[in-house]
Amino acid sequence: MNPQAPVRAADDAWFTVVYYRFRAWRGERPFWAGLFTAVGGVPIAYFPYADLRLGNITIAMATTAGAGSLIIGLLLITLGIALWFQQGIRVFAGVAAILLALVSLPVSNLGGFFLGFLFSLLGGALALSWAPGKPVEEEPEDAAEAKAQDPAHGLLGVPGPRDMETAYATETNAHADGGRNSAG
């Protein structure tokens, strides 16, 4: 690097801008639910077609339900990606992901050796529990200053007397001590 070269902030900040845009995009949708659901579909679809080679010995993990495993895995991957782009289907996708994860236990090698089952189950639960955030309504500065100066709210936000309490309360009438009267 040349220490004499001019430094431009735009050249250094592109990664930060991309990161903050991705973070804002991720915050508006059930991102982790979609990620866990899609990741859970991969071992469910993969293991029935995989084989393990140890020297000259081939161990095949293929089952008779290979097509069912592939369909379940691809559906889970599709549901996970759909959760990222269609937030409105989160309840349907969550229930479907949980049901597909449960069906994968007997169909595809114990749900992808429990790895795909657990990821899909967690993704479905996260999809069901996610709710869109509500934007915070900011009150204007003038309203906040007027509220602080209002004598009904007290000085500097310290509460004043309540509406049910009267200003003429004495120790001998029924309005004393917030409406409670002591006999005796």
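Hi everyone, thanks for coming. Please keep in mind that we are looking at a predicted model.

Let me start with helix α4, which runs over residues 66-85. At 1.5 Å a residue, its 20 residues should span 28 Å, and the end C-alpha atoms lie 29 Å apart, which agrees. Which residues of α4 are buried? They are G66, S69, I72, G73, L76, L79, G80, L83 and W84. Around the axis they cover an arc of only 160 degrees, so they sit on the same side of α4. And what do they pack against? The partners are α2, α3 (31-46), α5 (90-107) and α7 (115-129). If you turn to the other side of α4, you will find A67, I71 and F85 exposed.

Now over to α2, residues 14-27, one of those partners. Here I would like to show you Y19, which belongs to this helix. With a relative accessible area of 39%, Y19 counts as partly exposed. Together with W14, F15, V18 and Y20, Y19 makes a nonpolar surface patch of about 600 Å².

Last stop: charges. Side chains of opposite charge can pair when their charged atoms come close. Take a look at the two partners on screen: E28 is exposed, at 52% relative accessible area, whereas R29 is buried, at 10%.

That's my tour, and I'm happy to take questions.

Notes
Residues numbered from 1 in each chain as written. Predicted model: local features only at pLDDT ≥ 70, side-chain atom pairs only at ≥ 80, totals over all residues. Heavy atoms only, no water. Patch = residues over 30% accessible without salt bridge, like charges linked within 9 Å, V, L, I, M, F, W, Y side chains within 5 Å. Areas by Shrake-Rupley, 256 points an atom, 1.4 Å probe, with all protein chains shown as cover. Salt bridge = Lys/Arg side-chain N within 4 Å of Asp/Glu carboxyl O. Helix = DSSP H or I, 4+ residues; strand = E, 2+ residues; numbered from the N terminus. Buried < 20%, exposed > 50% of the residue type's maximum accessible area, 1.4 Å probe, protein only. Expected span 1.5 Å × (residues − 1). Arc of directions from axis to C-beta. Contact = heavy atoms within 4.5 Å.
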